[in-house]
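Here are a few notes to go with the model on your screen. Keep it open and follow along point by point.

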Amino acid sequence: RQPSTVNRQPSTVDRQPTTVDRRPSTVNRRPTIYILARMKRFEDLRVWQNARVLCKIIYTLTHKEDFEKDFRFVQQIRAAAGSIMDNIAEGYGRGGNKEFIQFLSIAKGSTQEVLSQLYRAYDVQYITEQEFIETKQLLNTISVMLHNLLERLKQSDIKGSKYNKEQ
């Protein structure tokens with residue numbers, strides 16, 4: 001069956017986005033050195049934890065009957081969602097800030113890829129408006145977290161754990 005968007009009423013999804021101040025807040029922020037020194041595993045990063053939740057949501061959404069039949073699309077959105085958490089983990093595992101920054105940038109790009117695919121899924125009625133809004137909010141949260149982490153790493157003088165003489 002072909003989903004139809006012709007008779008659908010305009011919704012909050014179709015409205016133009018409002019301007020949001022995306023400047024990172026400096027209130028209650030700890031220095032990057034302290035935060036990264038406490039992180040012994042990528043699993044400790046809240047941004048990775050949120051990306052993991054996003055993957056679970058995407059897998060749940062793509063198991064819906066109509067969505068599940070669109071094999072290529074399902075594969076594409078699942079891969080993009082997985083790419084977010086995988087690139088955070090791989091970048092962290094490289095042990096150097098330059099590599100971590102590179103992989104976080106890729107992860108941030110993947111958030112936008114998933115968002116675009118989410119719009120597509122909504123437009124062809126694979127997901128409801130509520131599912132779209134909730135998943136988009138999580139994607140935006142992850143994107144902002146990645147942005148803030150990237151900015152803090154770029155400003156840090158620490159090169160990364162692989163440059164420590166103790167290891």
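1. Let's start in a loop. Glutamine 125 sits in the loop between H5 and H6. Bear in mind that this is a predicted model.

2. Glutamine 125 follows H5.

3. Is glutamine 125 buried, partly exposed or exposed? Its relative accessibility is 31%, so it counts as partly exposed, since that class lies between under 20% for buried and over 50% for exposed.

4. Now go back to helix H5, residues 97-123. With 27 residues at 1.5 Å a residue, H5 should span 39 Å, and its end C-alpha atoms are 39 Å apart, so the two values agree. If you try this sum yourself, remember to multiply by one less than the number of residues.

5. Next, a helix pair. H2 (residues 46-61) packs with H6 (residues 129-155) at an angle of about 155°, and their axes are 10 Å apart. That angle makes the two helices roughly antiparallel, because the cut-off for that label is over 145 degrees. The crossing of H2 with H6 is left-handed.

6. Who makes that contact? On the H2 side, the residues include Val47, Leu54, Ile58 and Leu61. On the H6 side, Leu138, Ile142, Met145 and Leu149 are among them. Sorted by type, the residues of the contact of H2 with H6 come out as 13 nonpolar, 3 polar and 2 charged. Arg46 of H2 and Glu131 of H6 also take part in the contact.

Notes:
Residues are numbered from 1 along each chain as its sequence is written. This is a predicted model: local features need pLDDT of at least 70, side-chain atom pairs count only at pLDDT 80 or more; totals for chains, interfaces and linings use all residues. Side-chain values use heavy atoms; hydrogens and water are left out. Axes are lines fitted to C-alpha atoms, for helices over the stretch in contact, and angles run from 0 to 180 degrees between N-to-C directions. Helices (H or I, at least four residues) and strands (E, at least two) are DSSP runs, numbered from the N terminus. Angles under 35 degrees count as roughly parallel, over 145 as roughly antiparallel, 65 to 115 as roughly perpendicular and the rest as oblique. A crossing is left-handed if the near helix is turned anticlockwise from the far one by less than a right angle, and right-handed if clockwise. Contact means heavy atoms within 4.5 Å. Ala, Val, Leu, Ile, Met, Phe, Trp, Tyr, Cys and Pro count as nonpolar, Asp, Glu, Lys and Arg as charged, and the others, Gly among them, as polar. Buried means under 20% relative accessible area, exposed over 50%, partly exposed in between (1.4 Å probe, protein chains only).
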